[in-house]
Each structure stands twice: as structure tokens, then as C-alpha cells.
Amino acid sequence: MSDPVLSVRNLTTHLTTPSGRITACDDVSFDLRSGEVLGLVGESGSGKTMTALSVLGLLPSGVGRVARGEIILDGTDLTKLSRRRLREIRGRDVGVVFQDPSSSLNPVMTVGDQVVEALAAHDADVSNASGMRRAVELLTLVGIPDPGSRVAQYPHEYSGGMRQRAMIAIAIANQPKVLIADEPTTALDVTIQAQVLDVLRAARRETNAGVILITHDLGIVAEMADRVAVMYAGRIVETGTVRDLFRNPSHPYTVGLLASLPLLSDMGARLQPIAGVPPSGTDIPTGCPFHPRCPLWRERIDCVEVKPPLRAVGDGHFSACHFLEEVPAAGLFAREGRT
Amino acid sequence: MTDRGVSLRRAALRRFLRRPSNLVSVVFLVLVVIAALWPTSWLPHDPTASDLAARLRPPAWLDGGSWSYVLGTDNIGRDVFSRIVLGSRWSLVISGTAVVIAAVLGITAGVIAGYRGGWVDSITMRAVDVQLAFPVIILVIAVVGVVGTGITQLILVMGVTGWAQYARIVRGSTLSIRNQDYVEAAVAQGASAWRIMTRDILPNLASEIIVLTSFNMARLLLLESGLSFLGLGIQPPRPSWGGMVGDARDYLQSGWWILAFAGGTIALAVLSFNFLGDGIRDALDPRTRHVGTAQSAEEAAS
């Protein structure tokens with residue numbers, strides 16, 4: 001295996017809010033290799049987006065702060081960089097695709113100009129003509145029909161799917177090493193989602209970037225990702241290859257997530273929700289944050305008092321559960337019979 | 001598909017032209033601008049030449065008037081019409097230049113304050129408060145007292161003091177634009193603060209700035225007339241609307257038309273700029289139709 005292009009080590013991010021300090025990311029570690037897609041999944045508020053913003057150095061100013069840990073991109077620790085150096089890296093080495101393409105493009109600038117802007121932000125030598133040629137190339141790459149005339153159009157003349165394609169074109173304009181896609185398909189029609197995922201795949205092939213795909217949709221993860229990290233209350237609770245994780249989930253939370261997915265092979269079976277609600281930022285349970293909702297807990301004291309570390313289940317497959325050996329046999333969240 | 005951009009613009013233009021007051025304002029302002037820019041050789045009389053034999057002639061349509069002096073003559077026999085036409089030149093040039101200075105200063109301060117936030121914002125906004133609380137006329141009197149009257153001083157003082165109106169409104173809009181996703185996206189693309197302010201924020205302020213400029217033209221035109229009226233603005237023999245009103249005060253009994261036409265021109269021009277600003281705003285954003293119109297007109301006139 002090649003060296004990881006991005007290596008996040010023990011990242012802990014704090015948010016200071018009026019109601020107290022929130023630990024948005026708690027001891028998060030993962031590696032990302034070139035050309036690999038890492039799915040980052042979890043419920044709302046589980047710290048997926050905060051992890052991405054930490055990597056970009058874009059935590060809300062005055063509120064968010066990386067308290068501990070390292071974010072190593074190509075040998076450089078981003079947490080130690082000055083704001084100016086960090087800005088040079090954003091958009092050049094790390095590209096981002098945001099959730100809502102309709103508000104992420106500047107309404108008063110043509111799409112072509114916005115691609116040129118992204119290029120010019122990192123290369124003062126980009127002329128308008130050469131930038132426009134590159135913009136047309138990029139729009140062609142992301143599958144925008146008739147790119148030659150589409151470059152001169154404004155975002156409101158694009159459909160939602162095309163806007164997201166344009167966002168991807170902008171994100172990969174500078175051949176980034178890491179591409180962060182934050183819920184790239186959530187705001188789109190289901191019919192468009194598959195197309196946009198195809199474009200993301202093409203973008204990864206073109207740039208050979210490592211992709212962090214943030215989503216709450218396990219279906220997209222199964223389709224796109226090579227490896228998955230499941231987040232819960234700011235912590236990575238299980239990580240492994242897509243195959244390992246779906247075939248052999250080793251954390252009760254992952255089991256619960258999978259059980260709440262409808263399966264074509266099991267039509268008519270009742271979906272099993274995970275009881276309870278995800279913890280809010282200021283009120284995270286002690287020990288294992290999942291224990292109040294965990295069917296494996298059974299009042300055991302370790303779960304309440306000790307934060308479970310990630311332990312190896314198999315090669316490259318880790319789970320943060322004190323009793324992960326019990327998980328496969330426990331028959332957690334078993335689907336009830338057909339109705 | 002490109003037609004949509006054009007048709008949006010056309011729809012805005014149609015909305016603008018639908019209101020008669022807009023149309024009248026535009027026609028009047030175009031006439032004033034033409035009068036200001038056209039060479040004065042076509043005028044029936046030299047605006048500065050006095051003719052004591054023709055003192056205080058009434059307008060042409062009254063007894064004793066002649067078509068040679070359409071709007072009558074003043075107390076030393078100068079043609080009122082010619083003076084109003086030439087007066088437009090100085091009034092417009094001075095308020096126009098001052099508005100440009102005010103806009104450049106105010107927009108710069110407003111965008112920086114709104115984008116940077118924090119102490120930069122606090123200091124700028126306190127400075128705006130101080131500026132708005134301080135009567136400009138007093139400041140002009142002070143400046144004129146120190147360096148004497150002159151068009152350059154007038155333009156500079158009006159321009160420099162006019163920044164606050166721009167800064168306050170531009171800052172507010174910048175605050176809301178700053179929180180838009182596309183600004184965050186630009187930050188994530190590694191754009192510098194300067195790039196974001198000039199490429200992402202400023203173009204989105206364009207319609208607002210156009211409207212503000214129209215209101216500010218009205219405000220500074222009125223201010224300039226007021227100063228000329230007081231003798232602090234444009235100096236004789238150069239004709240100015242405010243100066244004509246000032247001179248005419250003494251002849252209200254014998255020559256009311258001097259004041260009526262000069263004052264009427266000022267009123268019409270100020271009103272037209274205000275209508276224009278209102279009209280453009282409503283045309284560009286149909287949702288805000290008639291909301292806040294009265295308030296902003298009031299603000300501009302104050």
C-alpha cells in the first residue's frame with residue numbers, strides 16, 4: 001500500500017457555544033490514500049462535517065478550534081500552518097464539494113468565470129483565455145453538455161445536477177490531492193444522484209485524489225467507497241473496508257444502521273430503528289457514548305466508565321466496542337418476520 | 001437558455017417604465033444632463049452678461065415679457081433660462097464627483113467592515129455614527145473658513161463626508177452576503193480576502209449601489225444648492241441653482257420668477273433622482289415593491 005496522502009491523527013475539535021463547550025471531533029484518526037474513497041457516515045451532529053472543516057482549517061472562527069491532534073497532508077501538519085499557508089493549500093491540494101449546489105455558486109458570475117477564479121486563486125499566471133480553455137475542458141470532464149457555450153452562462157441557467165457538476169469541476173480545477181465531498185447528492189433528485197456520483201468517480205480517476213465522501217446514506221457508501229468510517233458523537237466507532245463493514249459489522253451502532261436500511265431481498269420485513277436519540281453536543285454520555293442506546297450494554301459498568309478504544313477485528317477493520325466479540329452472535333436489531 | 005438573462009433584464013426594464021413617475025424623472029434628468037454637457041453657445045444669452053436695460057423682465061408669457069428671455073431676467077438683466085442651463089453644469093459636476101468620492105470611500109469601508117467584522121467593524125461603524133451625527137454644513141463652514149471657498153474644497157468636503165451613508169448600507173448587505181454558501185465555497189477554494197471582497201461580494205452589491213447612488217445624487221445636489229445659497233458653494237459669476245435662489249430672495253416682490261424657476265429646478269432634479277432610485281429598486285426586486293419607499297426617500301432628503 002502506498003503512503004497515505006492525508007493522515008488524521010487523534011484529531012479533537014472543540015466548539016465553544018453559549019450553552020457550553022462541545023467536543024465535535026473526539027480523537028478521530030484515519031488515513032486516506034490517493035485514488036481511494038473513504039466514506040464518512042453517521043447521523044446529523046455526529047461530527048462528519050466538523051472533521052472535514054477541521055481538515056480545511058475552516059472551522060467557524062471564534063467558535064471552533066482544533067484542540068489536539070495532527071492533520072498531515074503530504075508530510076505537512078496542517079494544524080501548525082499559518083493562515084496564509086493554509087489558504088494556499090485550500091483549493092489547490094484540497095478541493096471541496098458542498099451539499100447545496102444552488103447556493104454554492106456565485107449568482108452574478110458566469111460558471112466559466114468561477115472556474116477561472118478557482119484557477120487564478122492559486123496561479124497568478126492564469127490568463128483569461130487559457131483559464132477559459134481549461135474551464136471548458138473541466139466542464140467537458142464533468143459531463144456538462146455543450147460546454148463551449150455553457151461556460152458563458154450564469155448558475156441560474158443551470159439545473160441542480162449541472163450546478164453540482166460545475167461545483168465538482170471547480171473543486172478539481174487545481175488537481176487536488178484530496179477531494180472532500182460533503183453530502184454531495186443530498187440536495188439533488190434521486191434520479192440525478194447516480195449521475196453526480198459517476199461524475200465524482202470520473203473526477204477521482206482524473207486527479208487520482210483521495211476522496212472523503214461525507215454522507216448519511218449507506219447506499220452511496222456501498223456504491224462508491226473503498227473504506228468506511230462510522231462516526232457517532234464525534235468519535236469513529238468502526239472503520240474498515242466496505243466489504244468488512246457490511247458483511248461483518250462489529251459495532252452495535254453499525255449493526256443498527258444497517259438494520260435500519262430497507263433491503264430488496266427482504267421486502268416486507270419491518271425496519272429496525274435504533275431506539276433513543278443521538279446525544280446532543282453538550283450532553284454526551286460517559287464511557288462509550290452509544291451505551292444508553294446499545295442492546296449489548298446490559299448495565300455493564302465498563303460501558304459507562306471507560307471510553308472504548310478502537311480494537312482490531314480483522315486486517316484494517318477496527319471497532320470501538322468493549323464487547324465486540326459478542327456482536328456477531330448477538331443477533332442485534334434482528335428484523336422481525338414478514339408482515 | 002441565455003435568453004433568460006436578457007429577458008430578466010427586459011422584465012425589470014418593463015417594470016421600471018410602467019410607472020409614469022419613473023419615466024418623467026428619466027426624461028427630466030436626461031434633459032438636465034444634456035443641458036449640462038452641451039456647449040453653451042446655443043443659449044439665447046450669455047449667462048453671465050448683465051444688461052441693465054433689461055432688468056427684471058417677467059417670463060415670456062406674462063405682460064412685458066419677451067420670447068428673447070423665455071423665463072425672464074434677474075435683477076441685473078441676466079437671462080434666467082440661460083443661467084439655469086449653465087447652473088446645471090456646475091451643480092451636476094460637483095454633486096456627481098462628490099458622489100463618486102463618497103461611493104468609493106463608503107463602499108470600501110463598508111465591505112471591509114462587513115467582511116472582517118470584529119473590531120474593524122466596530123470602529124468603522126462608530127465612525128459612521130459620528131459622521132452621521134455631525135452636520136455637514138457646519139463642517140463646510142469650518143473648511144471654507146480655513147481654506148476659503150472653491151469648487152475643489154466643496155467637492156472634497158461633500159465627497160469625504162458622504163461616505164457614511166454608503167458604508168452603513170453596504171456593510172449591512174456585506175454581512176448577509178458573507179454568510180452565503182458561495183462565499184464559504186470561495187474560502188474553501190483558497191480565495192484570498194481581497195479576491196472574495198472584489199469578486200464575490202462587490203458584484204452582488206451592484207444593484208444596491210446603483211440605487212444608493214441615485215438617492216445620494218439627490219442628497220448631495222440639495223446639499224450643494226444649500227451651500228451655494230449660503231454663499232459657501234459655487235461662487236459668482238458662475239451661475240448655480242442655489243446661488244440664484246439666494247440672490248432672488250431680495251426680489252420676491254418685483255421678480256418672483258427668478259426664485260420660482262431656480263427653486264423649481266432644484267426641487268424637480270432632487271425629486272427625479274429620488275424617484276429614479278425608488279423606481280430602479282422596485283424594478284430590480286419586485287418583492288420589495290412599495291415597502292420602505294417612504295422611509296428611504298425621507299432618509300435621502302434629510
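At what angle do helix α2 and helix α3 of chain B pack, and how far apart are their axes?

Before looking, I noted that this is a predicted model, where local features need pLDDT of at least 70, side-chain atom pairs count only at pLDDT 80 or more, and totals for chains, interfaces and linings use all residues. Residues are numbered from 1 along each chain as its sequence is written, with chains lettered from A and ligands numbered from 1 in the order in which they are written.

**Helix pair, chain B.** I found α2 (residues 20-37) and α3 (residues 80-116) of chain B packed at about 95°, their axes 7 Å apart. That makes α2(B) roughly perpendicular to α3(B) (the term covers 65 to 115 degrees). For the contact (C-beta atoms, placed from the backbone, within 7 Å), I listed B:Val32, B:Val33, B:Ala35 and B:Ala36 on α2(B), and B:Val85, B:Ser88, B:Arg89 and B:Leu92 on α3(B). I sorted these residues into six nonpolar, one polar and one charged.

**Sheet, chain A.** I traced an open sheet of four strands, order β2-β1-β4-β5, with antiparallel pairing (a pair needs at least two DSSP bridges). I then checked β4 (residues 64-73), which pairs with β5(A) over two bridges. A:Leu73 is opposite A:Thr76 of β5(A).

**Between the chains.** I looked up 19 residues of chain B in contact with 24 of chain A. On the chain B side, α1 (3-18), α8 (181-188) and α9 (193-201) each supply at least two residues. The most come from α8(B), with five. I noted this side as seven nonpolar, seven polar and five charged residues.

Terms used: Axes are lines fitted to C-alpha atoms, for helices over the stretch in contact, and angles run from 0 to 180 degrees between N-to-C directions. Angles under 35 degrees count as roughly parallel, over 145 as roughly antiparallel, 65 to 115 as roughly perpendicular and the rest as oblique. Two residues are in contact if their C-beta atoms, placed from the backbone, lie within 7 Å. Ala, Val, Leu, Ile, Met, Phe, Trp, Tyr, Cys and Pro count as nonpolar, Asp, Glu, Lys and Arg as charged, and the others, Gly among them, as polar.
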